[in-house]
Amino acid sequence: MRAGRILAATIGAAALGLGTTIVVAAPASAASCTAKADETVVIRATKSTGATGLAQLNKGQSAPADCTMYYATTSYEKCGIVSKRWVKVTRSGVTGYVVGTCVTITQN
């Protein structure tokens with residue numbers, strides 16, 4: 001991505017010197033992802049195992065998810081893995097975070 005920015009800046013600078021107009025395309029819409037629970041997980045209000053539980057995603061169930069991984073300041077151990085990674089999901093109108101080690105994320 002850094003190379004793309006450098007190339008764009010170089011082309012832009014060259015075009016300005018030539019009096020050329022540059023048209024920049026809008027970024028593509030964000031990709032959508034799905035989280036499938038490898039084990040039953042609690043959807044929490046914040047990125048903490050001590051946060052309020054809002055809903056539950058049972059083993060084998062799927063929910064729409066952000067394709068971005070979120071990281072908390074403290075670690076947890078779930079599904080046999082120590083991590084700080086969380087996934088933002090929405091289930092039945094409830095949006096919150098699930099531990100990232102117990103879900104499989106696929107891009108739609």
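This is a predicted model: local features need pLDDT of at least 70, side-chain atom pairs count only at pLDDT 80 or more; totals for chains, interfaces and linings use all residues.
A residue counts as buried when its relative accessible area is under 20%, as exposed when that area is over 50%, and as partly exposed in between (1.4 Å probe, protein chains only).

Residues are numbered from 1 along each chain as its sequence is written, and side-chain values use heavy atoms, leaving out hydrogens and water.

Start with the overall layout. You'll find 1 helix and 7 strands, in the order α-β-β-β-β-β-β-β from the N terminus. Here helices (H or I, at least four residues) and strands (E, at least two) are DSSP runs, numbered from the N terminus.

Now look inside. A nonpolar core is a set of buried Ala, Val, Leu, Ile, Met, Phe, Trp, Tyr and Cys residues joined through side-chain atoms within 4.5 Å. The largest one here has 17 residues, and Val-41, Val-87, Val-89 and Val-98 have the most contacts inside it. Strands S1, S2, S4, S5 and S6 each supply at least two of its residues, with S4 giving the most, 4 residues.

Leaving aside neighbours within four places in sequence, Ala-72 is in contact (heavy atoms within 4.5 Å) with Lys-47, Lys-84 and Trp-86. Ala-72 and Lys-84 are 12 residues apart along the chain, yet their C-alpha atoms are separated by 5.2 Å.
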